[in-house]
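Please look through the following structure before reading on.

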Amino acid sequence: MQLSRSARIALRAAAGLGFAFIYVPLALVLVNSFNRDRSASWPPSGLTFHWWSVAWENEGARAALWVSVKAGLGATAIALVLGTLIAFAVARHRFFGRDAISFVVVLPIALPGIVTGIALNSAFSTVLEPLGVGLGMFTVIVGHATFCIVVVFNNVVARLRRTSGTYEEAAMDLGADTFRAFVDVTFPLVRSALLAGGLLAFALSFDEIVVTTFTAGPGIETLPIWIFNNMTRPQQAPVVNVVAAVLVLFSVIPIYAAQRLSADTATESRI
Amino acid sequence: MTTTAQAAGRSPVRRLAGTLHRRPRLRLSLLLTAPLLWLAVLYLGSLAVLFVSAFWTTDSFTSEVVKVWSTDNFHQLFTLPVYRQVILRSIGVALAVTVLCAAIAFPIAFYTARIARPERRPLLVVAILTPLWASYLVKVYAWRLILSQGGLADWVLKPLGLSGPGYGLVAAIIALTYLWLPYMILPIHAALEQLPANLLDASADLGAGAARTFRSVVLPMVLPSVAAGSVFTFSLSLGDYITVQIVGGKTQLIGNVVYSNIELNLPMAAALGTVPVVVIVVYLLAMRRTGALSSL
């Protein structure tokens with residue numbers, strides 16, 4: 001399209017404003033973690049590292065981070081197993097209701113979190129509580145795993161569709177049994193898809209607040225719940241600011257890992 | 001005889017592998033049992049119970065759930081003006097967020113897909129993706145800081161003699177737009193990137209100016225992607241209640257009303273919860289007609 005000079009300049013300016021809209025709030029969170037005051041008025045009266053050391057010592061935030069990591073690892077492990085099983089069934093078999101399964105897998109993430117949250121909450125309290133299992137880490141992991149299955153499934157099923165079953169058949173012709181073919185051929189083919197899916201699942205679980213609210217008992221506080229509970233307390237504002245800044249910095253890790261993973265898959269397909 | 005002797009001599013693992021290989025149905029049922037128990041029994045089961053409980057009522061004295069079939073909750077939902085207002089306001093917010101996202105996303109996507117130098121484009125896509133990995137709560141918290149009294153918004157608008165919107169409906173719309181914007185940019189970027197350059201040349205050869213080419217060539221080809229992005233912006237906004245709690249002031253959307261009913265009147269909360277689900281399903285069906293879902 002032959003754009004006039006002025007149209008080009010206007011589009012560049014609008015895109016620049018758009019990127020500013022995306023990044024100014026994140027930058028503000030970073031700057032604000034060095035804010036000397038407890039209030040968020042702009043510009044800050046002075047900058048200090050003081051709150052970073054205060055936050056480092058904060059027991060509540062540390063404990064919440066640890067709870068989030070445990071819940072994330074548990075949910076990711078379950079999602080990896082269940083998501084991979086469904087992916088193999090859908091990609092390598094034909095059966096009645098195959099399309100319905102792909103739909104049910106997406107449902108927990110497509111429906112509003114509050115609907116999934118109350119549904120699981122009332123199921124847990126009617127089925128598990130009579131058995132003596134209260135809401136706690138276990139129910140949080142079950143809730144998170146339910147909506148994490150889809151990302152593992154999507155990654156693995158996409159990989160399986162791109163690699164045909166002939167590699168496995170070749171391995172079996174050469175004398176490998178079903179298990180041997182899986183370990184030596186299939187697993188290496190899907191490994192990076194599993195890593196990418198696991199990474200996404202962990203990130204989803206780590207960030208979840210709504211489903212956690214309804215599946216965690218009173219004693220369980222994940223990092224998002226901790227932030228939410230402390231956000232409106234002026235006394236805690238500086239520590240919340242630092243935790244928020246740390247989370248913004250953390251978000252670079254999955255981006256970096258995803259870039260590395262796709263480079264990895266690129267080399268794989270080149271072989 | 002020899003084959004049985006061979007089979008007997010094999011390890012049990014090898015025999016199990018052989019059985020699995022010969023029986024694809026057995027393999028399939030082993031693959032599907034655990035996930036189906038989890039998703040169909042645990043998840044769909046809880047959802048089904050929730051929607052059935054929308055037809056129960058609550059004893060107004062004891063707050064105990066009365067398991068007698070009645071459509072009272074839905075009757076209230078459509079007749080009480082409070083609920084009607086909340087439902088309409090929520091749909092309005094979701095639509096406003098979608099329109100704002102499309103308006104902000106288009107110039108960004110056009111720049112990253114067609115104006116920026118090709119070697120810089122992958123980096124720009126990463127720049128769009130990065131905020132998706134930043135915590136949801138932190139992004140809303142950022143807007144709580146910006147819109148606070150004497151915050152960044154007030155400071156920027158002060159020279160113009162204005163002040164920021166403060167916490168309220170506008171703040172909720174801005175924060176939701178910010179949260180879901182990348183979901184709109186990415187599909188539009190993908191569509192613009194795949195737009196064949198010769199179509200644009202042909203349009204120019206036939207005498208169309210930039211505006212006419214945009215209206216007659218670019219827009220029709222990008223519209224399905226806008227629809228695909230809108231599935232995210234619309235449904236994610238419709239179900240949200242945390243953002244409204246943080247920056248919405250006294251504003252109430254469906255999610256907030258569901259939340260405030262859970263303790264005292266679970267059947268009413270369940271009935272209210274069906275509203276966003278039904279609206280989202282209707283929206284998905286409408287979008288499917290545009291062919292948007294196949295490009296997801």
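Chain A of this predicted model has a radius of gyration of 23 Å, whereas a compact globule of 271 residues would have one near 18 Å. The points below describe each chain, and then turn to the place where they meet.

**Overall form of chain A**

- Twelve helices and zero strands make up the secondary structure of chain A, and reading along the sequence therefore gives the pattern α-α-α-α-α-α-α-α-α-α-α-α.
- Taken along the principal axes, the C-alpha atoms of chain A fill a box of roughly 75 × 70 × 30 Å.
- Buried residues account for 42% of the 271 residues of chain A.
- Of the contacts in chain A with a separation of 6 or more, 78% are between residues 24 or more positions apart.

**Overall form of chain B**

- Chain B has 14 helices and two strands.
- The box filled by the C-alpha atoms of chain B, again taken along the principal axes, is roughly 95 × 70 × 35 Å.
- In chain B, 40% of the 296 residues count as buried.
- Among the contacts in chain B between residues at least 6 apart in sequence, 70% join residues that are at least 24 apart.

**Confidence in the prediction**

- The model as a whole scores ipTM 0.88 and pTM 0.88.
- Residues 265–271 of chain A keep a pLDDT under 50, and the model has two contacts beyond four places in sequence for them.
- Residues 1–5 of chain B likewise stay under 50, and for these the model has zero contacts beyond four places in sequence.
- Where pLDDT is low, the predicted coordinates should not be read in detail.

**Where the two chains meet**

- The contact takes 62 residues from chain A and 72 residues from chain B.
- On the side of chain A that touches chain B, at least two residues each come from several helices, including H1, helix H3 (59–92), helix H8 (178–207) and H11.
- H1(A) gives the most to this side of chain A, with 15 residues.
- Sorted by class, the side of chain A that touches chain B has 47 nonpolar, eleven polar and four charged residues.

**A closer look at helix H1 of chain A**

- How far apart are the end C-alpha atoms of helix H1 (residues 5–32) of chain A? They are 39 Å apart, which agrees with the 40 Å that its 28 residues should span at 1.5 Å a residue.
- H1(A) has a kink of about 30 degrees at Tyr23(A), and this kink lies shortly before the proline Pro25(A).
- Pro25(A) is also one of the buried residues of H1(A), and the others are Ala15(A), Gly18(A), Ile22(A), Leu28(A), Val29(A) and Asn32(A).
- An α-helix has 3.6 residues a turn, so residues three or four places apart point the same way.
- Within chain A, the buried residues of H1(A) pack against helix H11 (237–250).
- In chain B, the buried residues of H1(A) pack against helix H5 (81–115), helix H6 (121–133), helix H7 (136–146), helix H8 (152–157) and helix H9 (169–194).

Notes. Residues numbered from 1 in each chain as written. Chains lettered and ligands numbered in written order. Predicted model: local features only at pLDDT ≥ 70, side-chain atom pairs only at ≥ 80, totals over all residues. Helix = DSSP H or I, 4+ residues; strand = E, 2+ residues; numbered from the N terminus. Expected span 1.5 Å × (residues − 1). Bend = angle between axes of the 7 residues up to and from the residue. Buried ≥ 20, exposed ≤ 12 C-beta atoms within 10 Å, placed from the backbone. Contact = placed C-beta atoms within 7 Å. pLDDT = per-residue confidence, 0-100. Nonpolar A, V, L, I, M, F, W, Y, C, P; charged D, E, K, R; others polar. Rg over C-alpha atoms; globule rule 2.2 N^0.38 Å.
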